[in-house]
Amino acid sequence: MTLVLVHGNPETTAIWDPMRAALERHGIGPDDVVALSPPGFGVPAPNDFGATMNEYRDWLTAELEELQAGGAGPIDLLGHDWGGGHVMRIAMERPDLIRSWCTDVIGLFDPDYEWHDAAQVWQSPRGEASIERTIGRPDDESVAFYAGLGMGPDVAAAVVPHINADMGRCILALYRDASQPAMSDLGFNIAAAGQRPGLCILAAGDHFTGGGVMHRRVAKRAGARVTELLDVGHWWMCEHPGFAAHTVASWMTSLEGPSAAPLGT
């Protein structure tokens, strides 16, 4: 068993650190967890990397194939934010690479989803100026900003140095490639994700991902279970790492044994 974690924007693998520490209390240790960094988000993006949705799908496919070749065993794939979007591409198009999937952004694939305000700016001609302001903000201000949104000061301090021009380029390219109707078009195939057990995490205070109605509607089409986390927002794994670890560990336990079957809604 290997738990593979994929983060989003504007993040690095540091967002998982509090939850990973708490997972050890559930018997899921460091050797059982792999945290991957999408190109441009915590690791440099190659110069020829266009940062499109398909390129991130292909990147994650290659990473999972490498893990399988290395003997990782059954892979449970968990994605947050854009990482959750990349996870759904695997769930729909390469289910052979995973045992199960989990995402907290399933609502993005609903036909009625509209991108949040910041995304719409990045998708517009004002995007470059917005990114320049973001990467030009003093580090102490950025740390306080992201800490206040839910990352917490330690995680924010680890993430902020990586919010740079490389990440900015990838943000603009990815969000522009995902301008609607791109996401809703991908959602037409969401039922294909039902080939593997799925869990959709709904953080009650997350205002970026479409809300409960969209989450539940798309999750039903994907044959997935919905778990609602109360009193947490977008960075639920940082805000309440113990509860996050319990949720993830319980999901993985439900997949074990000869009676394990796809989870219903």
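This is a predicted model: local features need pLDDT of at least 70, side-chain atom pairs count only at pLDDT 80 or more; totals for chains, interfaces and linings use all residues.
Trainee: Which residue meets the side chain of Glu 93 in a salt bridge?

Mentor: A salt bridge is assigned when a side-chain nitrogen of Lys or Arg lies within 4 Å of a carboxyl oxygen of Asp or Glu. Here the partner of Glu 93 is Arg 89, at 2.6 Å from N to O. Arg 89 is buried, with a relative accessible area of 5%.

Trainee: How many residues apart are Arg 89 and Glu 93 in helix H3?

Mentor: Helices (H or I, at least four residues) and strands (E, at least two) are DSSP runs, numbered from the N terminus. Arg 89 and Glu 93 are four residues apart in H3 (residues 82-93), which means that about one helical turn separates them.

Trainee: How many salt bridges does a search of the whole structure find?

Mentor: The search finds ten. One of them pairs Asp 110 with Arg 217, at 2.7 Å from N to O. Asp 110 lies in the loop between strand S4 (100-103) and H4, while Arg 217 lies in helix H10 (residues 211-221), so this pair ties together parts that are 107 residues apart in sequence. Asp 110 is buried at 1% relative accessible area, whereas Arg 217 is partly exposed at 37%.

Trainee: Which residue forms a salt bridge with Arg 216?

Mentor: The side chain of Arg 216 meets that of Glu 228, at 3.0 Å from N to O. Arg 216 belongs to H10 and Glu 228 to strand S6 (residues 225-229), so the parts tied together are twelve residues apart in sequence. Both residues are partly exposed: Arg 216 has a relative accessible area of 40%, and Glu 228 has one of 37%. Elsewhere, salt bridges with shared partners join Arg 57, Asp 58, Arg 89 and Glu 93 into one network.

Trainee: Which residues does Val 226 touch, apart from those up to four places away in sequence?

Mentor: Contact means heavy atoms within 4.5 Å. Val 226, in strand S6, touches Cys 200, Leu 202, Arg 216 and Ala 219 under that exclusion. Val 226 also shows how sequence and space can be compared: Asp 104 is 122 residues away in sequence, yet the C-alpha to C-alpha distance is 9.5 Å.

Trainee: Where is Ala 222 found?

Mentor: Ala 222 is found in the loop between H10 and S6. Its relative accessibility of 1% makes it buried. Leaving aside neighbours within four places in sequence, Ala 222 is in contact with Trp 101, Ile 190, Ala 191, Ala 193 and Gly 194.

Trainee: How many disulfides does the structure hold?

Mentor: A disulfide is a covalent bond between the sulfur atoms of two cysteines. The criterion applied is a pair of cysteine sulfur atoms within 2.5 Å, and the structure holds zero disulfides. For Cys 200, the closest cysteine sulfur is that of Cys 102, at 7.4 Å, which is too far for a bond. Cys 200 is buried, with a relative accessible area of 0%.

Trainee: What is the volume of the largest pocket?

Mentor: On a 1 Å grid over the protein atoms alone, a pocket is an open set of points where a 1.4 Å probe fits, with protein on both sides within 12 Å along at least five of seven lines; lining residues have an atom within 4 Å of a point. Points are joined across faces, edges and corners, and the volume is the space filled by probe spheres set on them. The largest pocket has a volume of about 530 Å³. Its lining has 30 residues, of which Pro 10, His 116, Ala 118, Trp 122 and Tyr 146 lie nearest the centre. The elements giving two or more residues to this lining are H4 (117-122), H5 (127-136), H6 (139-151) and H8 (165-177). H5 gives the most, with five residues.

Note on methods:
Residues are numbered from 1 along each chain as its sequence is written. Side-chain values use heavy atoms; hydrogens and water are left out. Buried means under 20% relative accessible area, exposed over 50%, partly exposed in between (1.4 Å probe, protein chains only).
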